[in-house]
Amino acid sequence: IVARLGSNNNASVDFRLFDQNNYWTSPASFSFGNSRQVVVPLDYSANSDGVPLNTKHIYIAGFWSNGSNPFVIDTVFLSNSSEYDAPIVVVSNKSGVWINSFEGIHYKEHAGPSAGIPLMVLGDMLQSDVLIAASNHFEISLTEDEGYEQTLFLAHQNGFVPNTEVFVRLKEGLERKSYSGALTISTEGFAAKNVSLAGFVDYPVGIDNISGRGNDVVSVEFFTLSGQKLNNEWLPKGVVIERKRMSDGSIVTSKSIVK
């Protein structure tokens, strides 16, 4: 889908698609930014929760703005023209949900490296191979137990890289503290995508420290009762679902009341 504005974007205009017949569900949203046109690759679109868009059932398509200024809609149309082809790179977890971050990568001190955690990378309409680079303290491989490096390439065939499993882990020999970094995924003609990484090296377990430091909260997320993810900086009043990711990799879910 190609959507065009007939005026400058002075109102933070987005083009939005909903695969449910409810405007208050999570849409796939595409910002115009400083442009008057957005190109929506339907086969590679996901809603704001990272769930791939069900393109067989598009119930609502529309424009959203912050209401501060008027804007003009020019046209919206479907096209299979190569004029609108642009490189696509999709990063998802094993469940197929698009991701922008990995958290909780860890090991006990003197017991590294961490286990390799898988993510999936897909590319289409490519002009060159896909380069994946890990920042300091992290490393990547195409196999779970060996071959870890700072960078790797995914070779394309006729512009396509099928869904490929890539493992990321925290390097061995690190001191006991938290670490952050990113995977940078790039290819010719594509704005590089960063997947943020967070991990830590925990207290060792031994005769002087049998249980380590315990199970700490690594991150907290909030959801509506229907499962829609909420912005942690603004929560609606009422009952919400609180999901805590713990340092041992477990997830604790409970109900909370926002007053």
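This report covers the salt bridges and some of the strand pairing in a predicted model.

**Salt bridges**

The structure holds seven salt bridges.

| Residue pair | N to O distance |
|---|---|
| Asp 14 and Arg 16 | 3.7 Å |
| Arg 169 and Glu 139 | 2.8 Å |
| Arg 243 and Glu 221 | 2.5 Å |

In the pair formed by the side chains of Asp 14 and Arg 16, Asp 14 has a relative accessibility of 12% and therefore counts as buried, the cut-off being under 20%.

The side chains of Arg 169 and Glu 139 form a salt bridge at 2.8 Å. Arg 169 belongs to strand β13 (residues 161–170) and Glu 139 to strand β11 (residues 138–141), so this contact ties together parts that are 30 residues apart in sequence. Both residues, Arg 169 and Glu 139, are buried.

The side chains of Arg 243 and Glu 221 meet at 2.5 Å, N to O. This pair links distant parts of the chain, 22 residues apart: Arg 243 is in strand β17 (residues 238–246) and Glu 221 in strand β16 (residues 217–223). Arg 243 has a relative accessibility of 29% and so counts as partly exposed, a class that lies between the 20% and 50% cut-offs.

**The sheet β4-β1-β6**

Three strands make up an open sheet in the order β4-β1-β6, and their pairing is antiparallel. Strands β4 (37–39) and β6 (73–77) are the edges, each pairing on one side only. Direction ignored, neighbouring strands of this sheet are turned by 10 degrees against each other on average. Strand β1 (residues 2–5) runs antiparallel to β6 and is joined to β6 by four bridges. Arg 4 has Thr 75 in β6 as its bridge partner.

**Strands β10 and β12**

Strand β10 (residues 130–134) and β12 also run antiparallel, with four bridges between them. Ile 132 has Leu 152 in β12 as its bridge partner. Which residues of β12 form the covered face, and which the uncovered one? In this strand (residues 151–154), Leu 152 and Leu 154 make up the covered face, whereas Thr 151 and Phe 153 make up the uncovered face.

Terms used. Residues are numbered from 1 along each chain as its sequence is written. This is a predicted model: local features need pLDDT of at least 70, side-chain atom pairs count only at pLDDT 80 or more; totals for chains, interfaces and linings use all residues. Side-chain values use heavy atoms; hydrogens and water are left out. Buried means under 20% relative accessible area, exposed over 50%, partly exposed in between (1.4 Å probe, protein chains only). Helices (H or I, at least four residues) and strands (E, at least two) are DSSP runs, numbered from the N terminus. Two strands pair if DSSP finds at least two bridges between them. A salt bridge is a side-chain nitrogen of Lys or Arg within 4 Å of a carboxyl oxygen of Asp or Glu. Axes are lines fitted to C-alpha atoms, for helices over the stretch in contact, and angles run from 0 to 180 degrees between N-to-C directions.
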